[in-house]
Amino acid sequence: MKLATWNVNSLKVRLPQVLQFLAQHRPDALGLQELKLEDPSFPLAEINAAGYQAVFSGQKTYNGVAILSPRPAVNASMGIANFDDPQRRVIGATIDGVRLICVYIPNGEAVESEKYKYKLDWLIRLTSWLKQEMAQYPKLVLLGDYNIAPEDRDVYDPKVWQGKVLFSEPEKTAFQNLVALGLRDSFRLFEQPEKSYSWWDYRMNGFKRNLGLRIDHILLSAELVKCCKSCSIDRDYRAKERPSDHAPVIAEIEI
DNA sequence: ATGGCGGCTCGCAGCCGA
(Lines give C-alpha, C1' and ligand atoms only; values in the text may rest on other atoms or scores of the structure.)
Protein backbone atom coordinates (compact mmCIF):
# COMPACT_ATOMS: atom_id res chain seq x y z
CA MET A 1 0.00 0.00 0.00
CA LYS A 2 1.49 3.27 -1.14
CA LEU A 3 0.66 6.38 0.91
CA ALA A 4 1.48 9.93 -0.09
CA THR A 5 1.01 13.49 1.12
CA TRP A 6 1.37 16.74 -0.78
CA ASN A 7 0.66 20.38 -0.05
CA VAL A 8 -0.32 21.50 -3.56
CA ASN A 9 -0.75 25.25 -2.84
CA SER A 10 -3.93 25.52 -4.97
CA LEU A 11 -5.48 22.41 -6.46
CA LYS A 12 -6.82 24.47 -9.34
CA VAL A 13 -3.31 25.43 -10.44
CA ARG A 14 -1.70 22.10 -9.59
CA LEU A 15 -4.36 19.69 -10.92
CA PRO A 16 -2.29 18.66 -13.98
CA GLN A 17 0.63 17.83 -11.68
CA VAL A 18 -1.63 15.90 -9.30
CA LEU A 19 -2.95 13.84 -12.22
CA GLN A 20 0.62 13.25 -13.36
CA PHE A 21 1.57 12.16 -9.85
CA LEU A 22 -1.36 9.71 -9.69
CA ALA A 23 -0.38 8.23 -13.05
CA GLN A 24 3.30 7.96 -12.11
CA HIS A 25 3.04 6.59 -8.56
CA ARG A 26 -0.47 5.08 -8.46
CA PRO A 27 -0.75 5.76 -4.68
CA ASP A 28 -3.40 3.85 -2.75
CA ALA A 29 -4.00 7.03 -0.76
CA LEU A 30 -2.93 10.60 -1.44
CA GLY A 31 -3.56 13.30 1.16
CA LEU A 32 -3.67 16.83 -0.24
CA GLN A 33 -3.45 20.14 1.60
CA GLU A 34 -4.06 23.78 0.67
CA LEU A 35 -6.69 23.08 -1.95
CA LYS A 36 -7.72 26.76 -1.79
CA LEU A 37 -11.10 26.05 -3.33
CA GLU A 38 -14.67 25.45 -2.20
CA ASP A 39 -16.25 22.00 -2.45
CA PRO A 40 -18.41 22.80 -5.51
CA SER A 41 -15.20 23.69 -7.40
CA PHE A 42 -13.44 20.43 -6.50
CA PRO A 43 -12.24 18.81 -9.77
CA LEU A 44 -13.94 15.49 -9.06
CA ALA A 45 -14.60 14.57 -12.70
CA GLU A 46 -10.93 14.79 -13.66
CA ILE A 47 -9.88 12.81 -10.59
CA ASN A 48 -12.55 10.16 -11.24
CA ALA A 49 -11.37 9.93 -14.84
CA ALA A 50 -7.90 9.11 -13.49
CA GLY A 51 -9.40 6.15 -11.61
CA TYR A 52 -9.57 7.84 -8.20
CA GLN A 53 -12.27 8.65 -5.69
CA ALA A 54 -12.03 11.58 -3.32
CA VAL A 55 -13.23 12.84 0.03
CA PHE A 56 -12.60 16.53 0.58
CA SER A 57 -13.25 19.50 2.82
CA GLY A 58 -12.51 22.80 1.13
CA GLN A 59 -12.87 26.51 1.65
CA LYS A 60 -12.25 29.60 -0.41
CA THR A 61 -8.73 31.04 -0.68
CA TYR A 62 -7.20 29.21 2.30
CA ASN A 63 -6.73 25.70 3.66
CA GLY A 64 -8.74 22.77 2.30
CA VAL A 65 -7.80 19.07 2.53
CA ALA A 66 -8.62 15.90 0.60
CA ILE A 67 -7.86 12.20 0.43
CA LEU A 68 -7.75 10.52 -3.00
CA SER A 69 -7.83 6.75 -3.42
CA PRO A 70 -8.62 4.19 -6.12
CA ARG A 71 -10.44 2.06 -3.52
CA PRO A 72 -13.40 3.33 -1.51
CA ALA A 73 -12.71 5.65 1.43
CA VAL A 74 -15.22 4.89 4.19
CA ASN A 75 -16.20 6.60 7.45
CA ALA A 76 -14.97 9.97 6.26
CA SER A 77 -14.64 12.55 9.03
CA MET A 78 -14.05 16.29 8.86
CA GLY A 79 -12.17 18.31 11.42
CA ILE A 80 -11.23 17.53 15.01
CA ALA A 81 -14.00 16.18 17.27
CA ASN A 82 -15.34 18.70 19.81
CA PHE A 83 -13.37 21.55 18.21
CA ASP A 84 -15.45 23.99 16.20
CA ASP A 85 -12.77 25.28 13.83
CA PRO A 86 -14.00 27.14 10.74
CA GLN A 87 -10.66 26.44 9.02
CA ARG A 88 -10.75 23.28 6.90
CA ARG A 89 -7.57 21.54 8.00
CA VAL A 90 -8.41 17.91 8.81
CA ILE A 91 -10.02 15.05 6.94
CA GLY A 92 -10.04 11.37 7.89
CA ALA A 93 -11.07 8.20 6.11
CA THR A 94 -10.51 4.45 6.24
CA ILE A 95 -9.11 2.72 3.16
CA ASP A 96 -8.73 -1.06 3.19
CA GLY A 97 -8.72 -1.10 6.98
CA VAL A 98 -6.10 1.64 7.35
CA ARG A 99 -7.25 4.83 9.06
CA LEU A 100 -5.82 7.95 7.41
CA ILE A 101 -5.86 11.40 8.99
CA CYS A 102 -4.78 14.12 6.60
CA VAL A 103 -3.81 17.38 8.32
CA TYR A 104 -2.82 20.89 7.38
CA ILE A 105 -1.40 22.14 10.65
CA PRO A 106 -1.48 25.95 11.01
CA ASN A 107 1.58 27.88 9.88
CA GLY A 108 1.81 30.08 12.98
CA GLU A 109 3.11 33.18 11.16
CA ALA A 110 5.63 34.22 13.84
CA VAL A 111 6.45 33.20 17.39
CA GLU A 112 4.26 35.07 19.90
CA SER A 113 1.71 36.10 17.23
CA GLU A 114 -1.99 35.29 17.59
CA LYS A 115 -1.63 32.71 14.83
CA TYR A 116 1.21 31.06 16.71
CA LYS A 117 -1.00 30.73 19.80
CA TYR A 118 -3.75 29.30 17.59
CA LYS A 119 -1.23 26.80 16.19
CA LEU A 120 -0.13 25.56 19.61
CA ASP A 121 -3.73 25.35 20.85
CA TRP A 122 -4.71 23.57 17.64
CA LEU A 123 -1.92 21.02 18.19
CA ILE A 124 -3.13 20.32 21.75
CA ARG A 125 -6.64 19.67 20.44
CA LEU A 126 -5.32 17.49 17.62
CA THR A 127 -3.22 15.44 20.03
CA SER A 128 -5.99 14.77 22.54
CA TRP A 129 -8.41 13.82 19.75
CA LEU A 130 -5.81 11.53 18.15
CA LYS A 131 -5.31 9.68 21.40
CA GLN A 132 -8.90 8.47 21.07
CA GLU A 133 -8.52 7.77 17.35
CA MET A 134 -5.41 5.67 18.01
CA ALA A 135 -7.32 3.57 20.53
CA GLN A 136 -10.05 3.03 17.97
CA TYR A 137 -7.81 2.39 14.96
CA PRO A 138 -4.60 0.41 15.59
CA LYS A 139 -3.62 0.90 11.93
CA LEU A 140 -3.44 4.67 11.76
CA VAL A 141 -1.56 7.09 9.50
CA LEU A 142 -1.21 10.78 10.35
CA LEU A 143 0.06 12.54 7.26
CA GLY A 144 0.20 16.04 5.94
CA ASP A 145 1.80 19.45 6.20
CA TYR A 146 2.80 19.76 9.86
CA ASN A 147 4.50 23.13 9.51
CA ILE A 148 7.06 21.81 12.01
CA ALA A 149 10.65 20.75 11.33
CA PRO A 150 11.25 18.25 14.16
CA GLU A 151 15.07 18.16 14.31
CA ASP A 152 18.21 20.11 13.39
CA ARG A 153 18.82 17.89 10.37
CA ASP A 154 15.38 18.88 9.03
CA VAL A 155 16.45 22.54 8.62
CA TYR A 156 19.06 23.86 6.17
CA ASP A 157 20.49 26.18 8.81
CA PRO A 158 19.39 25.38 12.37
CA LYS A 159 21.24 28.41 13.76
CA VAL A 160 19.29 30.78 11.51
CA TRP A 161 16.00 29.01 12.31
CA GLN A 162 16.57 28.56 16.05
CA GLY A 163 13.55 29.90 17.93
CA LYS A 164 11.73 30.84 14.71
CA VAL A 165 8.27 29.68 13.75
CA LEU A 166 8.28 26.13 12.28
CA PHE A 167 11.34 25.33 14.42
CA SER A 168 10.64 26.79 17.86
CA GLU A 169 10.91 24.61 20.96
CA PRO A 170 7.16 24.63 21.77
CA GLU A 171 6.40 23.45 18.23
CA LYS A 172 9.03 20.70 18.40
CA THR A 173 7.59 19.64 21.76
CA ALA A 174 4.11 19.51 20.22
CA PHE A 175 5.49 17.26 17.48
CA GLN A 176 7.06 14.98 20.12
CA ASN A 177 3.70 14.88 21.92
CA LEU A 178 2.24 13.36 18.75
CA VAL A 179 5.10 10.86 18.59
CA ALA A 180 4.46 10.02 22.26
CA LEU A 181 0.99 8.77 21.31
CA GLY A 182 2.80 5.86 19.67
CA LEU A 183 3.53 7.27 16.23
CA ARG A 184 6.79 7.10 14.27
CA ASP A 185 8.12 9.39 11.58
CA SER A 186 8.28 6.97 8.64
CA PHE A 187 11.01 9.01 6.93
CA ARG A 188 13.44 8.35 9.78
CA LEU A 189 12.86 4.60 9.77
CA PHE A 190 15.32 4.49 6.85
CA GLU A 191 18.69 5.81 5.74
CA GLN A 192 18.09 9.08 3.93
CA PRO A 193 20.14 11.47 1.84
CA GLU A 194 21.68 14.32 3.83
CA LYS A 195 19.85 17.62 3.61
CA SER A 196 16.47 16.09 2.77
CA TYR A 197 13.67 18.64 2.78
CA SER A 198 10.04 18.81 1.68
CA TRP A 199 9.55 22.59 1.38
CA TRP A 200 11.64 25.32 -0.23
CA ASP A 201 10.83 29.03 -0.37
CA TYR A 202 9.84 30.29 -3.80
CA ARG A 203 12.11 33.27 -3.21
CA MET A 204 15.88 33.53 -3.21
CA ASN A 205 16.26 30.47 -5.45
CA GLY A 206 15.48 28.41 -2.38
CA PHE A 207 15.10 25.13 -4.22
CA LYS A 208 18.16 25.49 -6.46
CA ARG A 209 20.26 26.27 -3.37
CA ASN A 210 18.48 23.55 -1.38
CA LEU A 211 17.53 26.01 1.36
CA GLY A 212 14.67 23.89 2.62
CA LEU A 213 12.83 22.51 5.60
CA ARG A 214 11.33 19.08 6.18
CA ILE A 215 7.86 19.95 7.44
CA ASP A 216 5.67 17.38 5.61
CA HIS A 217 5.48 14.05 7.37
CA ILE A 218 3.91 10.61 7.34
CA LEU A 219 3.59 9.27 10.90
CA LEU A 220 2.62 5.64 11.45
CA SER A 221 1.15 3.72 14.36
CA ALA A 222 3.18 0.77 15.69
CA GLU A 223 1.25 -1.79 13.66
CA LEU A 224 2.11 0.02 10.46
CA VAL A 225 5.73 0.75 11.40
CA LYS A 226 6.27 -3.01 11.45
CA CYS A 227 5.35 -3.31 7.79
CA CYS A 228 6.74 -0.01 6.44
CA LYS A 229 9.17 -0.68 3.59
CA SER A 230 10.22 2.79 2.44
CA CYS A 231 9.71 6.51 2.71
CA SER A 232 11.00 9.15 0.33
CA ILE A 233 10.49 12.70 -0.88
CA ASP A 234 9.86 13.18 -4.61
CA ARG A 235 11.86 16.33 -5.33
CA ASP A 236 11.05 16.09 -9.05
CA TYR A 237 7.68 17.74 -8.45
CA ARG A 238 9.39 20.74 -6.86
CA ALA A 239 11.63 21.06 -9.93
CA LYS A 240 8.77 21.28 -12.44
CA GLU A 241 7.42 24.37 -14.17
CA ARG A 242 5.07 26.29 -11.87
CA PRO A 243 5.57 23.95 -8.89
CA SER A 244 4.03 23.90 -5.45
CA ASP A 245 6.56 25.05 -2.87
CA HIS A 246 6.17 21.61 -1.25
CA ALA A 247 7.29 18.24 -2.63
CA PRO A 248 5.25 15.05 -2.13
CA VAL A 249 6.28 12.52 0.54
CA ILE A 250 5.63 8.83 -0.20
CA ALA A 251 5.65 5.84 2.18
CA GLU A 252 5.11 2.19 1.30
CA ILE A 253 3.63 -0.30 3.73
CA GLU A 254 3.26 -4.00 3.04
CA ILE A 255 -0.29 -4.80 4.00
C1' DA B 1 17.51 45.84 6.92
C1' DT B 2 14.31 44.65 3.65
C1' DG B 3 12.06 41.73 0.64
C1' DG B 4 12.58 38.40 -2.34
C1' DC B 5 7.70 34.34 -5.04
C1' DG B 6 3.32 32.81 -6.00
C1' DG B 7 -1.58 32.20 -5.11
C1' DC B 8 -5.63 34.37 -3.77
C1' DT B 9 -9.44 38.23 -4.10
C1' DC B 10 -16.29 42.05 -4.11
C1' DG B 11 -8.53 42.41 -7.67
C1' DC B 12 -5.08 46.35 -10.83
C1' DA B 13 -2.74 46.32 -4.20
C1' DG B 14 -2.72 43.91 -0.34
C1' DC B 15 -3.23 39.57 2.20
C1' DC B 16 -1.03 35.28 3.37
C1' DG B 17 1.96 31.43 3.26
C1' DA B 18 6.56 29.28 5.41
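In which order do the six strands of the open sheet run? Here are some notes to read alongside the structure, which is a predicted model.

1. **The sheet.** The order is β3-β4-β2-β1-β14-β13, and the pairing is mixed. β3 (53-57) and β13 (228-233) stand at the edges with a single partner strand each, so one side of each has no neighbour in the sheet. From one strand to the next, the twist averages 15°.

2. **One pair inside the sheet.** In general, sheet strands pair through backbone hydrogen bonds, in either a parallel or an antiparallel sense. For strand β2 (residues 29-33) and strand β4 (residues 65-69), the sense is antiparallel, and the pairing extends over four bridges.

3. **The nonpolar core.** The largest nonpolar core has 71 residues, and the members that touch the most others are I67, L100, V141 and L142. Strand β7 (residues 98-104) gives the most to this core, contributing six residues.

4. **A closer look at L142.** Which residues does L142 contact, once its neighbours within four places in sequence are left aside? They are I101, V103, L130, L178, L183 and L219. L142 is also one of the core members with the most contacts to other members.

5. **The DNA side.** Around DNA strand B there are 22 residues, of which S10, N107, W199, Y202 and R203 come nearest. By type, the residues of the surface near DNA strand B divide into nine charged, seven nonpolar and six polar.

Methods: Residues numbered from 1 in each chain as written. Chains lettered and ligands numbered in written order. Predicted model: local features only at pLDDT ≥ 70, side-chain atom pairs only at ≥ 80, totals over all residues. Near = placed C-beta within 6 Å. Nonpolar A, V, L, I, M, F, W, Y, C, P; charged D, E, K, R; others polar. Pairing = 2+ DSSP bridges. Helix = DSSP H or I, 4+ residues; strand = E, 2+ residues; numbered from the N terminus. Axes fitted to C-alpha atoms, helices over the stretch in contact; angles between N-to-C directions. Core = buried A, V, L, I, M, F, W, Y, C linked by C-beta atoms within 7 Å. Buried ≥ 20, exposed ≤ 12 C-beta atoms within 10 Å, placed from the backbone. Contact = placed C-beta atoms within 7 Å.
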